[in-house]
Amino acid sequence: MTVVPTTPRLIDRRDLLAALDRAAASKVTIISAPAGSGKTSLLRAWVGRAGRPHRLALVQVQRDQNDAQQFWLALLDAVRRATGANSDAELSAATPDFNGYAMVDRVLSELAEAQGGVTLVVDDLHELHPPEIPAQLTRLLTNLPPNVHAILATRHDVRLGLHRLRLAGELAEIRAVHLRFSERETRELLEASGVALSAAGTALLHQRTEGWAAGLRLAALSLIGHADPERFVAEFSGSDRTVAEYLLAEMLDRQPPDVQNLLLRTSLLDRVNGELADLLTGRPGSEQILLDLEDTNAFVESFDPGRTWFRYHQLFADLLRLEMRRTLPAEIPALHRRAAGWFSRHGQAAEAIRHTQAAGDWPEAAQLLADHAFNLTLDGQAQTMQALLQAFPPGADHPELALVHAMGDLAHGRLDEAAAHLVVTETYAETTPPGRQHSLHVAIASLKLSLARRRGHLAGVIEQVRFLASPLTGWSDEDLALGSDLRAVALMNLGTAEAWSLGVPDAERHLREAAALARRIGRPYLEVGCLAQLGFASIFHGAAMPKMEAFATTQRRCREAITLAERYGWGTEPVIAPALMTLTSTMVFLGEFDEADRWLRRTEQAVQTDTGPDIRLLLHQTVAILHACRGRHHEALEEFGAAEDLASQMEGSQALARQMTSWLLATQARLGLLGEARAALTALDDEWTSSGEIRNARAVICLAEGDPARALDALHDVLDDTAPVLGYVTLVEAHLLAGLAHRELGDQRAANQAAERALALADSDRLVLPFAMTGSAELLEALPRHQTSHAALLADILEVLHGSSSMAKEQSSFPPAKKLSPGELRVLRYLATNLSRPEIANELSVSLNTVNTHLRSVYAKLQVRDRSSAVRRARELRLLAARRTS
Amino acid sequence: MNPAPAPYMIRINGHLGATVLSAFPALAPQHHGAHTVLTGLLDRSALYGVLAEIEALGLDLLEIRRLAPERRSSEPGDSR
């Protein structure tokens with residue numbers, strides 16, 4: 001897709017190059033002109049000139065590009081090559097959960113770091129079809145760093161939000177009228193091609209083609225070595241036929257039969273190499289023909305440095321294809337079949353499926369697509385896959401495609417549709433021959449797990465799909481490569497589901513096995529995903545074992561996963577979110593609140609495009625405990641509430657739900673919402689109310705009601721280890737609550753003992769969270785230093801508690817909310833979105849100037865310098881959630 | 001918006017030959033002077049498909065017009 005600049009073989013169009021030079025001084029230049037106007041030739045000539053001050057990042061969009069990710073990756077690569085970015089530092093690999101806006105930001109940050117100027121060139125923009133592209137490009141183009149320029153070439157105008165650039169005079173356009181050849185240039189083109197034509201003949205040719213570049217070049221090809229050029233031009237001029245068709249026919253006629261044959265047959269391919277051309281023409285020697293064609297005209301060009309892959313000028317290819325369909329229609333399906341076979345043998349599934357469809361072999365195409373659905377997704381070609389799916393004729397019944405539909409539904413969170421498609425797939429699987437049945441069953445099981453995970457309905461499904469953990473039997477040899485992808489995904493889904501339902505040892509075993517398999521088959525995405533989930537699984541593990549520096553182990557695992565993810569450029573992608581989230585949580589548990597803040601930002605970025613209730617629930621939970629630890633109970637309550645809303649959307653109960661409910665009730669009690677807390681407590685079932693977590697919550701409520709004796713009653717079974725607990729954090733919390741109750745009752749000795757027990761349990765992990773959440777600062781301060789064998793931890797905890805409480809006070813005493821006007825608040829809330837300032841203006845139906853004025857005063861009032869810190873500050877001050885608070 | 005196909009007339013500069021005409025199988029061609037006039041029944045997506053072909057083949061589009069439906073045409077539902 002990227003293009004190596006080549007030496008122009010065309011005439012030097014000085015005026016046009018100078019025009020482009022002038023245009024390129026603007027921020028953005030758009031070259032918009034019809035097919036064959038010479039856009040690409042102009043770009044090549046301009047790029048190929050020596051002594052350019054700017055470095056170039058050049059991308060030529062592939063024909064019919066339906067995959068936004070492929071485009072952005074190519075652009076990022078081109079930018080990296082241009083800026084000489086350290087290629088070892090970070091790869092840019094495709095991922096199944098691609099976030100276009102995050103990618104735009106990555107491109108922008110690469111550009112910002114580049115030394116000196118960079119010019120971005122995107123050719124054939126009109127071929128880029130994904131609907132999200134215009135908004136993403138707009139974001140790129142309106143945020144280009146100084147000293148970066150962009151040039152876009154397209155056949156038709158593309159709707160980009162460049163209004164602001166246009167007003168600022170930073171948008172230049174080159175259109176068909178500028179690209180038109182002048183008579184002088186026509187003469188120069190003919191002379192450069194060695195064609196001798198009279199002045200009158202040249203004028204006639206210029207007039208007949210109206211200076212259209214493709215027409216002139218086609219004419220020049222026919223005129224080279226022509227016996228009577230004047231007659232050729234006269235006949236052409238006397239004909240009413242369209243320029244391109246007339247000249248193409250002339251040009252083809254002048255080629256030897258083997259060249260004609262090759263051009264027609266290979267026109268069916270978007271790109272061709274010698275081997276493929278040999279296959280399609282049925283004779284050897286094609287590579288030399290292709291090389292000769294590239295050397296003699298501008299319509300065939302290689303696009304790799306080794307000159308092995310070629311493509312045709314689009315207009316030329318389209319005309320050749322029509323000619324092929326008209327003259328040799330019967331051969332076309334067989335040619336597509338041959339091409340499909342070649343691409344299939346060379347591991348290019350998408351291309352193979354496309355040609356199988358073109359051959360009209362729909363059942364085979366459906367089977368191929370179903371077989372490759374998992375690896376296409378893993379290759380980051382989900383959008384391509386969906387485009388292939390759309391290409392099947394409507395109404396045709398291909399039950400194997402239900403599997404592919406289910407995958408697309410799952411990726412977009414359409415869970416009911418996914419379930420329905422899985423039912424169809426299951427019914428279909430019963431009718432397939434045994435050879436295919438096994439892999440279908442594994443695929444179904446894997447998707448079911450993924451669906452169940454998103455719905456929080458795990459236990460039943462895990463039982464059903466235990467067979468995934470059995471070794472590879474029943475695979476045919478050719479299925480093995482395909483099967484490894486499938487199996488690795490299935491094991492990852494199984495392990496993840498087990499982690500969520502607290503089947504920790506099984507989860508760890510399956511995730512490790514999946515990670516090892518992923519590494520063996522070269523699937524870093526899966527490896528990263530497994531390691532991220534392993535980090536997540538081990539936070540439960542850590543909670544159950546107080547004596548093994550469990551939180552430190554969890555943190556180490558998360559950091560390892562994150563480091564690996566960063567190597568592939570996935571440091572803020574959804575795939576790594578479980579590890580980011582878990583790392584953030586452990587920091588809150590260990591009292592590293594500021595560090596937790598930093599990681600929380602990054603986690604939020606990573607889950608931007610993931611709307612699954614599972615991951616969002618964890619996010620709210622983490623934010624909530626961070627607030628609770630800082631004594632910001634109102635904020636904590638809001639976040640716990642949001643988490644509970646999401647939990648109610650999930651079908652089954654997830655393991656951590658009990659913990660969350662406990663903290664929610666305790667927070668209500670601490671805010672004096674005793675009626676609500678009591679009512680919620682009464683509504684819980686016996687299994688929950690007898691658990692350590694809910695008993696702790698009951699104790700908090702009793703304490704808030706001023707009844708410490710009943711609080712001690714509630715804690716009794718937790719303290720003597722008879723109540724079931726999720727982890728030792730619950731025990732630490734129970735001891736602290738008991739200590740608080742004893743203090744209320746005036747029994748300082750018992751309070752000291754309780755505090756000392758809490759410290760003893762917390763020491764190996766240096767756990768801080770329960771001390772902060774229960775507000776135990778005074779309890780700890782009252783503990784005489786000579787009575788504790790955990791003085792160091794005690795000092796640490798007190799330092800954290802004092803630090804965070806003074807910070808909470810300082811921040812809550814900051815009253816800018818009152819100072820912001822309603823207009824400023826409205827603008828402020830849009831800052832947290834992806835919208836650019838002109839888009840915000842548009843949304844609010846005000847002028848860009850108004851938005852800018854508001855922003856300036858918002859920044860001043862919040863005492864921040866930029867958008868992201870304004871958003872952060874606004875979040876801290878809870879200015880973004882207007883409807884909930886006012 | 002009426003989703004039913006409607007008759008369209010599309011005028012292109014120059015005479016289209018057999019090769020280029022094969023890109024428009026649903027339309028009937030006629031030469032009018034130095035122009036080619038293509039007519040046929042097109043629904044919206046067919047119409048935009050035709051326009052995309054015209055763009056792809058670099059043709060010079062002169063005019064495009066929706067023709068008044070012929071009276072007593074066999075448009076389904078007309079008689080009810």
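**Notebook: strands, a helix pair and the chain interface**

I began with chain B, where strand β1 (residues 6–13) and strand β3 (residues 35–42) pair in the antiparallel sense over eight bridges. I take strands as DSSP runs of E with at least two residues and helices as runs of H or I with at least four, numbered from the N terminus; two strands pair if DSSP finds at least two bridges between them. The model is predicted: local features need pLDDT of at least 70 and side-chain atom pairs count only at pLDDT 80 or more, while totals for chains, interfaces and linings use all residues. Residues are numbered from 1 along each chain as its sequence is written, and chains are lettered from A and ligands numbered from 1 in the order written.

Opposite B:Tyr8 I found B:Gly40 of β3(B). Strand β2 (residues 28–32) of chain B also pairs with β3(B), antiparallel, over five bridges. There B:Pro29 has B:Leu38 as its bridge partner. Two residues separate the strands of this β2(B)–β3(B) hairpin, and B:Gly33 takes a positive phi near 60°.

Next I looked up the contact between chains. I count residues as in contact if their C-beta atoms, placed from the backbone, lie within 7 Å. On that basis 19 residues of chain A touch 15 residues of chain B. On the chain A side, α12 (243–253) and α16 (314–327) are the elements that give two or more residues. The largest share, seven residues, comes from α16(A).

Last, I checked two helices of chain A. In α19(A), A:Ala366, A:Leu369, A:Ala370, A:Ala373 and A:Thr377 meet A:Leu401, A:Leu403, A:Val404 and A:Met407 of α21(A).
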